[in-house]
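Have a look at it first, then read on.

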Amino acid sequence: MAVQISPSLTASPPDRIPPAQSACMQLRLRYDLYNRALDEIGCAEPLIAACVKAGGGKIWNGDRFHYMGDYSALAPYTKFPFLALIPQYVTERILGERLLEEGIKVHRPFKVVDLKVNELDPNITDAIFEDGQVVEARYIVGADGARSIVRQTAGIRYADPDGDDITGKPIKQAIAADVVFTSPHYAAPNEAFFVLSSGNFFISVPMPGSSYDGQEVWRIGFGVSQGVPPQFPSTEYLQDLLDAYGPACIPSSAMPDRVPLKIKKTIWSTRFRTHSAIAETPFTRLFDKGGVIVLVGDAAHLHPPTGGQGMNLGLRDSVFLGPILAEHLKRSTQASATYERAELDEPLKQWAAVRHAHALKIISVAKRMLAVFSCKNEITWYFGVIPINWMKVRNIGMWISELTGYSRRMNAWNLSGLASR
Ligand SMILES: Cc1cc2nc3c(=O)[nH]c(=O)nc-3n(C[C@H](O)[C@H](O)[C@H](O)COP(=O)(O)OP(=O)(O)OC[C@H]3O[C@@H](n4cnc5c(N)ncnc54)[C@H](O)[C@@H]3O)c2cc1C
């Protein structure tokens with residue numbers, strides 16, 4: 001949650017020492033590097049220094065291996081033609097350090113519980129905190145996640161843009177964990193490695209050793225199709241999934257050097273749901289008449305993590321919002337300001353329309369990927385006479401796509417963010 005405070009109308013700013021960074025270790029595929037968003041705010045260099053640079057990865061689809069995408073093919077379009085693999089807490093630390101360089105301090109923990117239109121100036125919003133403090137703000141940027149209190153208080157609808165289940169019966173819940181294996185993973189240390197089995201998936205992505213005291217750590221993930229996964233899956237639980245859906249599914253004829261993967265220790269684990277939602281708009285005025293309210297990140301859009309797009313999209317929302325808010329503030333505080341409110345808000349409306357459109361595209365990509373990952377090796381009858389095995393259809397599609405070179409080039413292009421900033 002970012003509350004941008006109007007310089008002239010600031011209540012005493014909170015002055016508590018923020019706690020240490022969240023221990024939550026989410027691996028982030030940093031695609032933004034490709035489309036320069038993070039470069040523009042001076043964060044690309046430290047992120048690149050801290051990440052694993054991957055050229056792509058391999059995927060076993062039940063029939064054969066495929067390459068997931070060739071990121072080096074992006075070289076003509078970007079100075080960052082690779083997948084940057086980095087834990088979320090490192091990304092957050094680097095962003096925080098950059099803010100400090102600009103003299104901006106993030107205050108934590110402070111919880112907003114309500115928003116009200118200021119009684120003296122309708123352009124001001126009173127942000128009411130749990131401890132009773134009130135901050136008068138000209139701009140409220142709700143970066144407060146999927147359960148955003150800012151969005152809820154402003155009455156902005158948040159729902160799946162397609163209703164339920166447009167993609168058939170995709171995996172609804174999944175787990176992720178950072179683990180150390182007993183012996184080296186057969187995937188290269190700079191390569192993502194996926195296994196698709198009937199109705200489930202296994203992903204494994206190398207983490208930078210520098211973030212884990214030099215240990216060889218892999219982020220792994222699986223779908224969970226039956227029962228409710230534990231909140232913090234144990235090593236035993238993860239090992240069972242690994243045995244059922246991991247590389248053990250690959251026949252030795254396709255992978256002669258395969259040895260069973262055993263988990264030595266689990267550093268972090270979690271469960272999550274794979275649903276989607278989008279705010280009907282990421283910009284409004286509080287109750288139509290009040291101050292500016294904008295939403296960025298999961299507060300504005302949510303989708304399955306397939307494709308690793310969520311945080312990337314949220315960062316782009318924010319990077320492109322910055323100059324527009326700065327201009328809005330400048331215009332609205334000019335002594336000779338004669339702007340009508342509608343005219344003043346027009347750039348914010350345009351930003352909102354563009355971000356909404358990009359979010360819809362990303363939601364659609366992530367859902368399609370999840371549907372592809374969820375295909376079952378079984379026959380479904382259509383109209384009682386047409387049998388279709390969606391896993392076989394998918395695999396034929398992947399084969400043609402690889403033969404033509406389409407998947408290598410287009411997967412990298414689409415997921416890089418170059419196609420949709
Ligand atoms: C398993 C998994 C893997 C993922 N992998 C990737 C990936 O590889 N690449 C990628 O780009 N994305 C990925 N994502 C998505 C990514 O994690 C999210 O999109 C991203 O964390 C959203 O950031 P956010 O700041 O909008 O929301 P959040 O991360 O939810 O942060 C919201 C913040 O607001 C604070 N807050 C909430 N309510 C209040 C309040 N009332 N007052 C004050 N503060 C409040 C919270 O404490 C929190 O600090 C993944 C997600 C999952 C679940």
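1. Let's begin with a helix pair. Glutamate 97 is partly exposed, at a relative accessible area of 40%. Its salt-bridge partner is arginine 93, with N to O at 3.4 Å. Arginine 93 is partly exposed too, at 37% relative accessibility. Both sit in helix α3 (residues 88–101), and because they are four residues apart, about one helical turn separates them. Keep in mind that this is a predicted model.

2. Next, a pair between strands. Arginine 219 and aspartate 178 form a salt bridge, 2.5 Å from N to O. This one links distant parts of the chain: arginine 219 belongs to strand β15 (residues 218–223) and aspartate 178 to strand β12 (residues 173–181), 41 residues apart. The cut-off for buried is under 20%.

3. Now a loop and a helix. Lysine 262 and aspartate 243 meet in a salt bridge at 3.9 Å, N to O. Lysine 262 is in the loop between α5 (235–245) and β16 (263–273), while aspartate 243 is in helix α5, so the bridge ties together parts 19 residues apart in sequence. Lysine 262 has a relative accessible area of 37%, which makes it partly exposed; aspartate 243, at 38%, is also partly exposed.

4. Arg98, Glu101 and Glu102 are joined by salt bridges that share partners.

5. For the overall tally, there are 14 salt bridges in the structure.

How values were computed:
Residues numbered from 1 in each chain as written. Predicted model: local features only at pLDDT ≥ 70, side-chain atom pairs only at ≥ 80, totals over all residues. Heavy atoms only, no water. Salt bridge = Lys/Arg side-chain N within 4 Å of Asp/Glu carboxyl O. Helix = DSSP H or I, 4+ residues; strand = E, 2+ residues; numbered from the N terminus. Buried < 20%, exposed > 50% of the residue type's maximum accessible area, 1.4 Å probe, protein only.
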